Amino acid sequence: MSRPGGPGTADPQRTAQRPAAPPGRRALVLALMMAMALAALDSAVVATAVPRIVADLGGFSYFSWLFSGYLLAGTVSLPVYGKLSDTLGRKPVLLFGITLFLAGSALCAASWNMAALIVFRIVQGFGGGAIQSTVQTLAADLYPLEERPRIQAAISSVWAGSAVLGPAVGGLITAWADWRLIFLLNVPLGLVSLVLLARRLSEPPRKRAAGRLRADWAGALALFLTGCALLTAIVQGGHAWPWLSAPSLALFGTGAALLAVTVVVERRAADPVLPGWVWRRRTIAAANLAMGALGVMTIAPTVFLPTYAQSVLGLDPLRAGFVLAVMSVAWPISAAFSQHVYRRIGFRQSAMTGMAVACPVLLAFPALSGTHSPWYPALISLALGACLGITQLPLLVGVQSTVTVAERGTATASLLFCRQLGSSIGAAVFGALANAILNSRLQETPSALPSTGGSPLDAISSTTSGAAAGPLRDALATAVDWVYIGAAAAAALAVLALLLAPRRFPVID
């Protein structure tokens, strides 16, 4: 019987490396979902508590690093954790990640000022990177190809539930209790997950080469420093300082130099953290590029749709959140059914179909923006979530099925790294685009923009009651229209990237 990705026969020796299916599958899946919930819920819950945190600790001028620091740490550590899980095993890496995340959570709850809280959020981010990478890899290790879509969809549903429940939970805690409880709630959830994984998860011993294990610490450090420099430049550029300012140019220059150093170090390493085969294999390279474009695309509704719903459509925050939440709900539902698509047409064609349909869906937003009804952005979000579901899961399952167990952690981490890197780039590019359009449109009516000393988007974000004034509302609508057009271009780039992949993925297991 042919496999979904195309013809290919599983190597018995490679297949034998798969851990035996544990007897308590439901408990193990629950433990994996609880571990993923730690990373998924965190930022959504914390976002609602920012005003209370700032009022208590101060540091308003750099509170955005509560999120940027967490994202930065999680993103740059993904390739390192992927390689470590291939070398040392998934279980020790995952248990370490959960423990580190819980330690960071406890420290966050004990923070005495904003600087300390930011540092402890970075600790959380390092733990979150291990959780995201290893949970997705374990789902492929523990379950055969036929069952992976269901397990991966269940894990994806954690993100959907977090997008809907996170703000509500954070709001309730902020309203009725101390904001520090937000971080302490992670502890019981994480401890239960730790106990279940320690008892239920078993792996065969890793086959290691003769002699002492040579860890590529130089490559890990070089990759980490490169990611820190470039991501900091991308995340903070145009926000904390102008793009062509000295800090921005210095960070980009440092990142470029460190990137060159990383390439040299990894080429000389006996067992590199980011091996060259990740980019030499057409299937993985094309999927990585498509994942990066998908990350760019998804940032458009995630960042700009809530502001559009409140400042242009005049919705209250709860209803504005619903407009975006329907995308998060449709995504895992579509992912669960994606196996019926890629079993018929293959992994690549399924992902290309999703991105090809996403293009007109995104372009429908500016086409219908003259209709000031909350239903049209909600329906567009619903359709977009469905497109993402039949794109991301086939790429993830497809790539995981083209590598051996000993390579799967690295391959999975590369996909997640490219997606998060794309999200960071998308936030910077679309933010710059929206600010430029707002500045241009508001030059004729400067009085329409509240004076906050920041960018136009900062000023708009500071408006909290009803729709913005006429000129400001029209300018914002135009800016978001162009952001969605840019997102459609990113979807088109994803389709082009997938054309580089073979029509049928070379499935191993």
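Helices here are DSSP runs of H or I with at least four residues, numbered from the N terminus. That is how to read a label such as α10, the helix where Ala-260 has its place.

**View A. The whole chain is a predicted model built with 18 helices and zero strands.** Let's start with the overall picture. Of the 509 residues in the chain, 53% are buried. Take the contacts between residues at least 6 apart in sequence: 83% of them join residues at least 24 apart.

**View B. Ala-260 sits in helix α10.** Ala-222 is 38 residues from Ala-260 in sequence, and their C-alpha atoms are 9.6 Å apart in space.

**View C. The second largest pocket has a volume of about 760 Å³.** A total of 31 residues line this pocket. Leu-259, Trp-279, Phe-417, Cys-418 and Leu-421 are the ones that lie nearest its centre. The elements giving two or more residues to the lining are α9 (217-236), α10 (246-268), α12, α16 and α18. Helix α16 provides the largest share of this lining, with eight residues.

**View D. The largest nonpolar core has 65 residues.** Which residues have the most contacts inside this core? They are Met-297, Tyr-308 and Met-355. Two or more residues come from each of α11 (277-280), α12 (282-311), α13 (317-345), α14 (347-368), α15 (375-400), α16 and α18 (470-498). Helix α18 gives the largest share of the core, 16 residues. There's also a second, separate core of 28 residues, with Ala-37, Leu-94, Val-135 and Leu-138 among them.

**View E. Helix α4 runs from residue 90 to residue 109.** This helix has 20 residues and reaches 29 Å from its first C-alpha to its last, close to the expected 28 Å. Its buried residues include Arg-90, Val-93, Phe-101, Cys-108 and Ala-109. Leu-94 is another buried residue of α4, and Leu-94 also belongs to the second core. What do the buried residues of α4 pack against? Their partners are α2 (25-57), α3 (65-88), α5 (114-142), α7 (181-184), α8 (186-200) and α16 (405-442).

Technical notes:
Residues are numbered from 1 along each chain as its sequence is written. This is a predicted model: local features need pLDDT of at least 70, side-chain atom pairs count only at pLDDT 80 or more; totals for chains, interfaces and linings use all residues. Side-chain values use heavy atoms; hydrogens and water are left out. The expected span of a helix is 1.5 Å times one less than its number of residues. Buried means under 20% relative accessible area, exposed over 50%, partly exposed in between (1.4 Å probe, protein chains only). Contact means heavy atoms within 4.5 Å. A nonpolar core is a set of buried Ala, Val, Leu, Ile, Met, Phe, Trp, Tyr and Cys residues joined through side-chain atoms within 4.5 Å. On a 1 Å grid over the protein atoms alone, a cavity is a set of points where a 1.4 Å probe fits but cannot get out, and a pocket is an open set with protein on both sides within 12 Å along at least five of seven lines; lining residues have an atom within 4 Å of a point. Grid points are joined across faces, edges and corners, and a volume is the space filled by probe spheres set on the points.
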